[in-house]
Amino acid sequence: MQEFREFALKGNVIDLAVGVIIGGAFGKITTSLVEDVINPVLGLFLGKVDLTNKFTALDGNTYATIADAKKAGAAVVAWGNFVNIVIQFLIVAFVIFIVIKNVNRMTRLSGDNLPK
């Protein structure tokens, strides 16, 4: 138990826990941004299309919604939802890129790396 306590109280574990919590909150913000802001604008430009309900039923029938298709037992490819997830991923990847880029820049600018 002592070994676990030492592990759990190390700075890296606590930093990781804080990162996971912030990441979860950031994920919710990103989801809302994509679903509530980006998709309506994108849908407007694509002719008032709602991407969240775009799908292809693999049984060859036509359904009004994904829920209707699933209720009928049809396998569906929810490609509109996939597009949403890809947009969310790109936003998160871009933000992580910016954060890492700035951390690396700050590391280079720190006094530890300056010539003496």
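This is a predicted model: local features need pLDDT of at least 70, side-chain atom pairs count only at pLDDT 80 or more; totals for chains, interfaces and linings use all residues.
Leaving aside neighbours within four places in sequence, I find N84 in contact (heavy atoms within 4.5 Å) with V34, N39, L51 and T52. For my notes, residues are numbered from 1 along each chain as its sequence is written, and side-chain values use heavy atoms, with hydrogens and water left out.

I then checked the cover of N84. N84 counts as buried because its relative accessibility is 1%; buried means under 20% relative accessible area, exposed over 50%, and partly exposed in between, with a 1.4 Å probe and protein chains only.

N84 lies in helix α4. Helices (H or I, at least four residues) and strands (E, at least two) are DSSP runs, numbered from the N terminus. I read 31 residues for α4 and 45 Å from its first C-alpha to its last, close to the 45 Å expected at 1.5 Å a residue; the expected span is 1.5 Å times one less than the number of residues. In α4, I list G80, N84, I87, Q88 and I91 as buried.

I took I91 next, also placed in α4. Not counting residues up to four places away in sequence, I91 touches T30, L33, V34 and I38. I also noted L46, 45 residues from I91 along the chain, with 21 Å between the two C-alpha atoms.

I found a nonpolar surface patch formed by F94, V95, I96, F97, I98, V99, I100 and V103, with about 700 Å² of accessible area together. Patch residues have over 30% relative accessible area and no salt bridge; like charges are joined within 9 Å, nonpolar side chains (Val, Leu, Ile, Met, Phe, Trp, Tyr) within 5 Å. A salt bridge is a side-chain nitrogen of Lys or Arg within 4 Å of a carboxyl oxygen of Asp or Glu. Accessible areas come from the Shrake-Rupley method with a 1.4 Å probe; for residues, only the protein chains shown count as cover.

Last, I turned to A57, found in strand β1, residues 56–57. A57 counts as buried because its relative accessibility is 13%. Beyond four places in sequence, A57 touches Y63, A75 and V76.
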